[in-house]
Amino acid sequence: MPLALLGTTVASASGTPASGTPIVKSAAVKAAFGLDATAYHDVTGGATPAANVKAEGFSVRTAPSGETAVVDSSMASGGVVSAANPGFVDLAWKTYSARADYTVVRGDTVLAELPAGSTSFRDATVAPGARYQYRIVPRLVGDTAQARTFGLQVTIPAPRRGESDLAAMRTSAAERAEAARAATTTTLTWQTFIAKKRLTAPTPGGVTVCTYGRKYAFGGDNRGFDWTNPRYRTALNAVITWRDKKVEGHKSVSTTRVHKKRTGRLVDKRTASDKKMKVKKLGSGRGYVDIRLVTHAKNPFCYKDAPGEINGSLTFKIRSNGNWEIRSGNHRKMPHHYIYIYIYNGGKVTNVYTRKAASPWCLVGSAACELANPTGEYGRYE
C-alpha cells in the first residue's frame, strides 16, 4: 500500500508516522509545466549532445507561460514529471482518483497539502545547485488499487558567473543525461542472512518442528549489512544491461549446517531448494526496467508441513538515471533482509533496504511474525 497521509503527519512505508516532520507551506504559485511538458517548445539546443539528452528523457523546454526549465520526463510513463529552473521546481503527476488530495514533501519537510483534484505543484523555495528529494503522497480514499506515492530527485540548475539561465539549464540537462547514460550495467541484489554465528531452533510448546532440537544449533552467517560479505541464506541478483534493457537473473541458497550446541561440532548439512525463487523482468520503457524478485527457502531439516520459511516478493522500478523505488510486495521478518544496487562500471554500491529479523519464532510460523511491507520506499543510486 502506498504511503498514506494521516492528518498532517506523513506515514512511512510501514505505516509508522514520521514523528517531528516539519511542515513548511510554500507559497501557492501555479505550476507552468504539466504532465504533458514534453509537448512544450524544445530549446535544448545544439550546443549540447541533444540526441543523448533526449534519449535519457531530459530536455530544456519553454512552457506557454514563457518560463523555461530542464524537464525530466524519464518517469512520465509512471505518471510523474519534474521541471527544474534556477528559481523553481514544477512537479506534475497523474492522480488515481478525482477525490484524492495530495501532500508534497521535500526531504523531511511538508511543503504543501493540496486539495482534491490537484495534479501539479510549484516549489519556489529552491536554491541553485541544490539537489532535492521529493515525495508526492496521496490521501487514500475509495478504490486505492491504482494509488501510489511518487518519489523523485531533482537537481537545480546553477548559472556560473556571466552565464545565462538558459545556458546553465542546457548544461544541467546534458550532465544529468550523461550520468544516466554512463550506467551501462546495474545489479539489484536481495540477500537474506542470519546475523548470529549460531541459532537454536525454537521449540513452540516444547515441540520440536525440525529434525534437530534444543541440543543443536543451526549455523548462521555471522555478519551485518555489508555487501562485501559473501555469506547469506538466500541471494537474488538481477543484472540490468541498459543498452537493450535485458535482465539476467541469478539465484542461490546457501547450505544449512547443524552443529552440536555444546561442542560446536558439525553433525549434518543440507541445501534447501531454490525452485520457488525468481527474478523476472515485468516490462521496460525509456530509461527504466520493472523487475519482480521472489525469495523463498525452507529449512531443509524442518518437517514439510512446518510453516516457518524465508519468504517474500517485491516489485522494483529501476531507472538508468539513478532513481529506484519499491512499487509493491512484502516479506516475512526473518531473517535479516538486505537489498542494494551495484554499478559495475563505477564500482559504487547504494543500500536500498535493510530490515533486521523480528524473532527466531518466525522460523516456526509464529503468529507474532508479521509481514514487512516496504512499498513506497524510494531513493537514488550512484
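**Exercises on pockets, rings and strands**

The largest pocket is lined by 20 residues, and Ala145, Gln146, Ala147, Arg148 and Arg327 lie nearest its centre. The model is predicted: local features need pLDDT of at least 70, side-chain atom pairs count only at pLDDT 80 or more, and totals for chains, interfaces and linings use all residues. Residues are numbered from 1 along each chain as its sequence is written, and side-chain values use heavy atoms, with hydrogens and water left out.

**Exercise 1.** Describe the lining of the largest pocket by volume, class and main contributor.

- Step 1. On a 1 Å grid over the protein atoms alone, a pocket is an open set of points where a 1.4 Å probe fits, with protein on both sides within 12 Å along at least five of seven lines; lining residues have an atom within 4 Å of a point.
- Step 2. Take the volume, the space filled by probe spheres set on the points. The largest pocket holds about 390 Å³.
- Step 3. Sort the lining: six residues are nonpolar, nine polar and five charged (Asp, Glu, Lys and Arg count as charged).
- Step 4. Find the main contributor. Strand β23 (residues 323–332) gives the most, four residues.

**Exercise 2.** Do likewise for the second largest pocket.

- Step 1. Its volume is about 300 Å³.
- Step 2. Of its 18 lining residues, Arg131, Thr155, Ser172, Glu175 and Arg176 are closest to the centre.
- Step 3. The largest share, six residues, comes from α2. α2 spans 165–182.
- Step 4. The classes are six nonpolar, six polar and six charged.

**Exercise 3.** Classify the ring pair Tyr338 and Tyr340.

- Step 1. Recall the cut-offs: ring centres within 6.5 Å make a pair; planes under 30 degrees apart count as stacked, over 60 as edge-to-face and the rest as tilted.
- Step 2. The structure holds nine aromatic pairs. In this one the centres are 5.1 Å apart and the planes stand at 45 degrees, so the pair is tilted.
- Step 3. Check exposure (buried: under 20% relative accessible area; exposed: over 50%). Tyr338 is buried at 1%, and Tyr340 is buried at 7%.
- Step 4. Look for a charge over a ring (CZ of Arg within 6 Å of the ring centre and within 35 degrees of the ring normal). The charged end of Arg223 sits over the ring of Phe193, 4.2 Å from its centre.

Conventions. Rings of Phe, Tyr and Trp (its six-membered ring) pair if their centres lie within 6.5 Å; planes under 30 degrees apart count as stacked, over 60 as edge-to-face and the rest as tilted. Buried means under 20% relative accessible area, exposed over 50%, partly exposed in between (1.4 Å probe, protein chains only). Helices (H or I, at least four residues) and strands (E, at least two) are DSSP runs, numbered from the N terminus.
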